[in-house]
Amino acid sequence: MLTMIDRATASKLSIMWRQAALEIFPEAGLREPVRASELAEAERRLRRTLPTELKQLLLESNGVIGQTSVDTVWPVDQIVERNLLFWSDESFAQLYMSFDALLFFGDNGGGDQFAFVQKPHRPDVFVWEHESDSRRWVANNLRDYLGRSLRVGGDDWYQL
């Protein structure tokens with residue numbers, strides 16, 4: 001649960017997230033914010049702590065809809081469901097390398113997914129390309145990811 005100082009800080013930072021997304025892509029879709037209790041429940045279900053930047057963004061907008069109506073950042077319930085699926089689905093385990101170190105939070109609308117590396121924790125964003133099972137760096141952090149994904153047109157911005 002957020003303390004009063006955390007709420008004030010999160011509020012200031014989350015407003016910056018909302019403004020940043022709209023400055024980059026004025027047509028970005030923003031949703032109603034999540035409650036701190038929803039984030040706590042998500043972390044309980046995932047048995048992991050969400051990255052601070054992601055939590056701050058979700059406290060302002062429960063996901064971001066980018067170019068071509070793609071979920072650049074998923075709503076918190078989708079973050080939970082997709083990650084639980086990727087971490088536990090036996091058919092995925094037979095087809096792909098382990099996803100245990102990744103925390104997925106968005107996609108390109110065509111099957112490729114974006115994730116934070118959580119083991120070890122780092123702010124960088126990586127793409128998992130579903131056709132090749134490759135995982136590679138695409139952004140320094142969430143802010144950089146939003147800048148790149150919302151600014152550049154097309155669903156394959158990360159392949160440029």
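1. The strands, β6 (residues 121-129) and β7 (residues 134-139), run antiparallel and are joined by 5 bridges; two strands pair if DSSP finds at least two bridges between them. Val125 has Ala139 of β7 opposite.

2. A word on the model, which is predicted: local features need pLDDT of at least 70 and side-chain atom pairs count only at pLDDT 80 or more, while totals for chains, interfaces and linings use all residues. Numbering starts from 1 along each chain as its sequence is written, and side-chain values use heavy atoms, with hydrogens and water left out.

3. Now to helix α2 (residues 36-46), where Leu39, Ala42, Glu43 and Leu46 are buried (under 20% relative accessible area, 1.4 Å probe, protein chains only). These buried residues line one face of α2, because they fall within an arc of 95° seen down its axis (directions from the helix axis to the C-beta atoms). Their cover includes α3 (52-60), α4 (76-88) and β4 (102-107). Just after α2, Arg47 takes a positive phi of about 60°.

4. For the whole chain, you will find 6 helices and 7 strands (DSSP runs, H or I of at least four residues and E of at least two, numbered from the N terminus). Their order from the N terminus is α-β-α-α-β-β-α-α-β-β-β-β-α.

5. Of the 160 residues in the chain, 46% are buried. Among contacts (heavy atoms within 4.5 Å) between residues at least 6 apart in sequence, 54% join residues at least 24 apart.

Methods. Buried means under 20% relative accessible area, exposed over 50%, partly exposed in between (1.4 Å probe, protein chains only).
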